[in-house]
Amino acid sequence: MNIAIVGASGAVGQELLKVLAEREFPVSSLRLFGSKRSAGQRYVFAGKEIEVEELVHGDLFRGIDIAFTSAGASVSKEYAADITRFGAVMIDNSSAFRMDKDVPLVVPEVNAADALICPRNIIANPNCTTIQMVVALQAIERLSHIQRVHVATYQAASGAGAQAMKELEEQYRQVLRGETPTVSKFAYQLAFNLIPHIDVFTENDYTKEEMKMYNETRKIMHSDIEVSATCVRVPSLRAHSEAVWVETEETISVETAREAFRTAAGCQLIDDVQAVGSADRLPYPMPLFLSGRDEVFVGRIRRDISRKNGLTFWCVSDQIRKGAALNAVQIAEVIIAKKAGK
């Protein structure tokens, strides 16, 4: 496949290069695109050095089969016609097209078949917090229909990009030196703090990030599921965490739910609270130990004592990998498998 990456110098673009190499994705040729500022930078892929080209309007994408785009919604909207004009499938990591009716919104463990119907040659990659939640929810949905979800997210600095991660590191250094910390990527100082505010507020007092979880979950799962989210930025570098409460039509035992998570595609169970303090195993998922991993890790599974048919659990997943780059590559793998007749 002839592949392009738009936004190659960003955190997700760099992770795409890693994931493509690690999964031995069938790349015949690879072109990297970026802003005027990024143009000229060089990155190594499959032993070859590739120079980032400036993204401009024209026929740059002639001959490209799949283009991964991760340069922001405004760039995706501006260049979508250029990217898809010659038949390339655009797998877009921004929010530009996620809720368009004629653009599939895909998490392969949940709705892979949707990726095969893309009349505009655009497939949207969901928001990172939605991706990890629906991978876990799908395990429960197979047992009984989920009617309602409450979720509180604990989102690492990585969700705001590579520069945000650098800012958090610098803030810690500045605070410990007794200096006033630099605040640029976040609404407030993030070091030694929590910020219950991600993206802009909407008319109903939820943020756009929180409404993404509501709308995207319903679209991906083809469900009438109700979702209420509170999204919080936390001072960790990488991998998001979520506390999730679900209410199902039928009662599901903790043991049944635990087995469903253990066997679900894309999930890994870490749920042994009796092992707290053990030096050789994790009793529950934590971002400190799970950054850089592909799976959605689930633990702290228990009955919601406030609801008859309620369960609650904790999940952790690397926002840059499964929440962005890996999910996009998995979508591309679905397309390749279809072309190969598998």
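Student: Is asparagine 121 buried, partly exposed or exposed, and what is its relative accessibility?

Tutor: This is a predicted model, and every value discussed here is computed from it. A residue is called buried under 20% relative accessible area and exposed over 50%. Asparagine 121 has a relative accessibility of 22%, so it counts as partly exposed. Its place is the loop between helix 3 (108–111) and strand 7.

Student: Where does aspartate 199 lie, and is it buried, partly exposed or exposed?

Tutor: Aspartate 199 is in the loop between helix 5 and helix 6 (208–221). Its relative accessibility is 32%, so aspartate 199 counts as partly exposed.

Student: Which part of the chain holds glycine 72, and how far is it from alanine 96 in sequence and in space?

Tutor: Separation along the chain and separation in space are to be read side by side. Glycine 72 belongs to the loop between strand 5 and helix 2. From glycine 72 to alanine 96 there are 24 residues in sequence, while their C-alpha atoms are 8.0 Å apart in space. Glycine 72 is partly exposed, because its relative accessible area is 31%.

Student: How does the span of helix 2 relate to the expected value, and which of its residues are buried?

Tutor: The span of a helix is read against 1.5 Å a residue. Helix 2 (residues 73–84) has twelve residues, and the 16 Å from its first C-alpha to its last is close to the 16 Å expected. Its buried residues are Ser76, Tyr79, Ala80, Asp82, Ile83 and Thr84. These buried residues pack against strand 1 (2–6), strand 5 (66–69), strand 6 (89–92) and strand 7 (122–124).

Student: Is glutamine 171 buried or exposed, and which residues is it in contact with beyond its neighbours within four places in sequence?

Tutor: Glutamine 171 is part of helix 5 (residues 162–176). This glutamine is buried, because its relative accessible area is 0%. With neighbours within four places in sequence left aside, glutamine 171 is in contact with Pro181, Thr182, Val183, Gln189, Leu190 and Ala191.

Student: What does the radius of gyration show for the chain as a whole?

Tutor: The radius of gyration is read against the value for a compact globule. For 342 residues that value is near 20 Å, and the chain has 20 Å, so the two agree. The C-alpha atoms fill a box of roughly 60 × 60 × 45 Å along the principal axes. The secondary structure comprises nine helices and 13 strands. Of the 342 residues, 52% count as buried.

Key: Residues are numbered from 1 along each chain as its sequence is written. This is a predicted model: local features need pLDDT of at least 70, side-chain atom pairs count only at pLDDT 80 or more; totals for chains, interfaces and linings use all residues. Side-chain values use heavy atoms; hydrogens and water are left out. Helices (H or I, at least four residues) and strands (E, at least two) are DSSP runs, numbered from the N terminus. The expected span of a helix is 1.5 Å times one less than its number of residues. Buried means under 20% relative accessible area, exposed over 50%, partly exposed in between (1.4 Å probe, protein chains only). Contact means heavy atoms within 4.5 Å. The radius of gyration is taken over C-alpha atoms; the globule rule is 2.2 Å times the number of residues to the power 0.38.
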